[in-house]
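Thanks for asking me to look this over.

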Amino acid sequence: MTARTTDAADPRSRTDGLGWVTRAVFGDERIALTVGAPPPPGHREVARYAVVPSLARARFLLPLGAPRATAASLLAYNALRPPKVRAVRAALGVLARVGAVDLAPFPRLTVSLPDPVAVDEALLAGRLGAALGAPSVLAACGVRPPDPNHKPTLQLFAPDGRALGYAKIGWNGATRALVTTEAAALRELPAVTGTPDHPAAPRLLAETTAAGQVVALVEPLPPDVRGVPVDDPPRIAALLAVARRGDPPAPPRPLAASAFLARLTAEAGRAAVGTPDGARAVAAVAALADRHGGTAVEFGHWHGDWVPWNLGVHAGRLVAWDWEHSGPDVPLGFDLAHDAFQRALVLRGEPAAVAARAVDAQLDRHGAGLGLGSATGRLVADAYLLEMWLRTWRLADAGAGWNAALHPALLDVIEKRHSG
């Protein structure tokens, strides 16, 4: 997503989060954006947004002109948000319901098109609305600091406030790959979500590719879905259902003969070509094979980002979203390991070494429910940590930059485990 040459008043010329988001959402050269000013001559207005709370500190782009949709853009899924964010959105949502946001002193962003250009031809929200068969669509967008790992997202609403869909925009190599992976996963999941204990998942509504972007449009979550508490114990039956997809347990296979180890070996080799620390990854894969190659373990699918903030409950059933790291042929137990690692790293702010010990503790405590013993649990932990470093490398290699919490610290942790 490169900055275009625009008038200084056009937010797409900014270098902050507002510039990053508007370049992604309104990237077509025919679209004009004006702040606090009418459309240029020969253009007609096609959408208006409140920039909340200000241009310099933008956090939301709220659609204007349909109070119910404006309110819904603030209140939808608010129960899933952190308490401070929830409170701000709830207060704004009350104002939006009575049309007060239209009167509030927020900067106004006007989106316009040349008179002959159709909305569903140039505007992303228009194209997505056409894919849904919706005659009128309003889009809301959160604004966050520019980050090559992050994907701008649009929430689509009907004028009466009904949620229509949630769109993720892949704009660079890293995020395009993630959006493509999630779209592929969501296409497959309807065949397995009906199996016992498998979590429900949103359906893929559409996938589009244009101007270097990959966009996945996903159905809305149920409006009354509630988040899973961050201290919720692991849901072993659901993890098994995700891994096995309705099939009986797969016979354990030695790590040395697995497609998983072959993939790790190939990826580490590619990392070694262009990354100074890649040679360390090659050595780590070899050490993993030496240490655990003869250990047999069950392989299956994984969600790839199984953490409390990607899980909810609706009508007594678990719901899982954000399947962008999912895939087949990993040792059963990876989602359990990831849950422990991310709770330590993200929720508690602990370093990679402490997060790795949390993985060991979680597998010791709950691994038996997955059929893991001492040897297989250690294999799962060691292999998962190496998988996480390679994920970090894949994202960096695709343009997302290195995650400073995991590189090079995670390689240090892996090497110490293999030498211990």
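**Notes on helix, strands and cavities**

1. Helix α1 (residues 17-25) is mostly covered, with nine of its nine residues buried; buried here means under 20% relative accessible area, against over 50% for exposed and partly exposed in between (1.4 Å probe, protein chains only). Among these buried residues are Trp-20, Thr-22 and Arg-23. Where α1 starts, the backbone nitrogen of Leu-18 has a side-chain oxygen of Asp-16 within 3.3 Å. Helices (H or I, at least four residues) and strands (E, at least two) are DSSP runs, numbered from the N terminus.

2. A word on the basis: this is a predicted model, in which local features need pLDDT of at least 70 and side-chain atom pairs count only at pLDDT 80 or more, while totals for chains, interfaces and linings use all residues. Residues are numbered from 1 along each chain as its sequence is written, and side-chain values use heavy atoms, with hydrogens and water left out.

3. Have a look at strand β7 (residues 163-170): six of its eight residues are buried, so the rest of the structure largely encloses it. β7 runs antiparallel to β6 (residues 153-157), joined by five bridges; strands count as paired if DSSP finds at least two bridges between them. Leu-154 faces Ala-167 in β7. In the hairpin of β6 and β7, five residues lie between the strands, and Gly-161 takes a positive phi near 95°. β7 also pairs with β9 (residues 213-218), again antiparallel and over five bridges, and there Tyr-166 stands opposite Val-218.

4. There is also an open, antiparallel sheet of three strands in the order β10-β14-β15. Its edges are β10 (226-227) and β15 (317-320), each pairing on one side only. Four bridges link β14 (residues 311-314) with β15, and Gly-312 sits opposite Val-319.

5. How many cavities of 30 Å³ or more does the structure hold? The count is three. A cavity is a set of points on a 1 Å grid over the protein atoms alone where a 1.4 Å probe fits but cannot get out, and lining residues have an atom within 4 Å of a point.

Terms used. On a 1 Å grid over the protein atoms alone, a cavity is a set of points where a 1.4 Å probe fits but cannot get out, and a pocket is an open set with protein on both sides within 12 Å along at least five of seven lines; lining residues have an atom within 4 Å of a point. Grid points are joined across faces, edges and corners, and a volume is the space filled by probe spheres set on the points. A polar contact is a pair of N or O atoms within 3.5 Å; within protein, one must be able to donate a hydrogen and the other to accept it, and residues adjacent in sequence count only if both atoms are side-chain atoms.
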